[in-house]
Each structure stands twice: as structure tokens, then as C-alpha cells.
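Notebook open, structure loaded. Here is what I looked up today.

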Amino acid sequence: MKVLIADDDAQLARALAVTLQARGYDVVTAADGRAAINAVIAAHPDVVLLDLGMPRVDGIGVLQALRPWTAVPVLVLSGRTDSADKITALDAGADDYVTKPFAMDELLARIRAVGRRRTAPEDTQPTVRIGALTVDLGAKQVLPPEGPPIRLTPTEWRLLEVLLAHPGKLLTREMLLTEIWGPSHGSDNGYLRLYMSQLRRKLEPDPAQPRWFVTEAGMGYRFDDGR
């Protein structure tokens with residue numbers, strides 16, 4: 001797997017490169033946003049580790065430049081802990097958000113998780129209706145009655161796929177976290193709530209009063225298909 005490290009902190013970039021190379025990853029680095037965009041074009045990485053506060057083009061600008069033409073998984077590595085920064089990055093197309101300082105084993109687990117989703121075989125399941133929306137799981141598209149497809153990040157897609165695969169059934173938080181992010185994230189409930197909020201904002205008519213993606217208080221979530 002090839003990983004692009006896009007960070008203007010040269011010491012951190014070197015440390016990450018050494019660690020990843022020691023574990024068999026092919027590593028490319030970029031010290032500013034414009035170089036990061038060019039590296040994605042030239043090197044075709046499997047995963048991008050992206051700092052938000054880079055010179056020339058910041059991390060949000062990099063995401064906005066990449067997302068019209070590539071779905072490469074992007075893990076943001078940032079010292080910004082405010083939830084508004086996380087939401088901005090996710091809205092711009094980030095697939096994961098890791099706050100600095102971070103544990104290396106956690107970062108490696110998240111890289112493996114997005115790598116598995118990137119290389120998984122395409123789904124051949126039929127389309128699913130969610131109200132007026134049509135979800136084509138094979139083509140990985142959410143189609144409204146009119147207008148362009150609704151874009152979901154790879155992580156949002158994975159969460160949607162798991163929910164749709166178990167219509168009407170309660171999925172505990174631990175089950176969802178383990179299925180999507182791996183066994184080391186079985187208690188990261190805040191992260192799951194954030195992604196569920198993003199999914200509802202994109203797919204529910206009224207995200208504040210969800211019709212399809214229901215919270216079971218104290219337990220988990222359920223896709224209510226009306227059965």
C-alpha cells in the first residue's frame with residue numbers, strides 16, 4: 001500500500017515515514033498543499049495522511065481540489081480538536097480525523113481499515129429505497145429524484161452499507177465500531193455519533209428527527225425500512 005504523508009512538520013513526516021516503511025508501506029511525502037495535490041496526481045497513493053495547517057494550500061483546500069476527481073481515502077492528522085474543525089474537514093471530503101498527538105498503533109489501525117475498504121470487492125447487491133432516494137450499492141451512488149448524486153465519503157458508505165444490510169435490526173454501537181473501524185475502536189462512541197450525524201444530514205429529510213436511521217437510546221442504531 002502506498003501512503004502519501006502531506007505535512008509541513010518535517011520531523012513528524014520523517015518519523016511517520018520511517019514507521020510506515022518499517023511496516024512495509026511505500027511512502028511519498030509532501031511539505032505543502034500544492035505539492036500534496038501534485039503527489040496524488042503523480043503517485044496515485046492508496047491513502048493520504050493530511051495536515052490541515054499547511055502552506056500554499058491548506059488541508060481543506062487540498063480536499064476540495066481532490067474530491068471532484070478522486071475518492072482516495074484521506075485521514076486528517078491535525079492538532080485542531082474543536083468539533084467544528086472536524087465537521088468542516090468531513091464535509092470537505094475527509095474519511096477520518098485523527099487528533100495530534102496520536103498513538104501510532106491507532107493510526108496504523110485506521111490506515112489498515114481504510115485500506116481494506118479501498119480494496120474490498122464491489123458490492124453487487126440491488127438498489128435500496130430510502131424514502132425518495134435510491135441507493136445503488138453496486139455503483140455506490142445515492143440518487144435523489146432530481147439533481148446529481150449525493151456524495152458520501154468511503155467511511156459514510158461503509159456505515160450506510162452495514163446499516164442497510166440489517167434492515168429493522170438493532171446494531172449496537174460496539175458492533176458498528178468494530179465492523180467499520182476495527183476491534184480497537186469498540187468504545188469510540190463519539191466518533192460514531194459524528195458519522196451518523198453526517199449520514200443523517202445528507203440522507204434524512206429532517207436530520208433532527210430521523211425517520212430512517214433511528215437511535216435506540218443507550219444501545220445503538222437501526223435502519224427502519226418500514227417493515
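This is a predicted model: local features need pLDDT of at least 70, side-chain atom pairs count only at pLDDT 80 or more; totals for chains, interfaces and linings use all residues.

**Hairpin, sheet and one alanine**

I started with strands β6 (residues 127-130) and β7 (residues 133-136), which run antiparallel and are joined by four bridges. Strands here are DSSP runs (E, at least two residues) and helices are too (H or I, at least four residues), both numbered from the N terminus; two strands pair if DSSP finds at least two bridges between them.

Residues are numbered from 1 along each chain as its sequence is written, and side-chain values use heavy atoms, with hydrogens and water left out.

Back to the hairpin: β6 and β7 have two residues between them, and G131 in the turn has a positive phi of about 60°. I130 has L133 in β7 as its bridge partner.

Next I traced the open sheet. Its five strands come in the order β2-β1-β3-β4-β5, with parallel pairing. β2 (26-30) and β5 (96-99) are the edge strands, each pairing on one side only. I also checked β1 (residues 2-6), which runs parallel to β2 and is joined to it by five bridges. K2 is bridged to D26 in β2.

Last, I looked up A92, which sits in helix α4 (residues 83-92). Buried or exposed? A92 is buried, at 14% relative accessible area (buried is under 20%, exposed over 50%, partly exposed in between; 1.4 Å probe, protein chains only). Beyond its neighbours within four places in sequence, A92 contacts I60, L63, Q64 and R67 (contact: heavy atoms within 4.5 Å).
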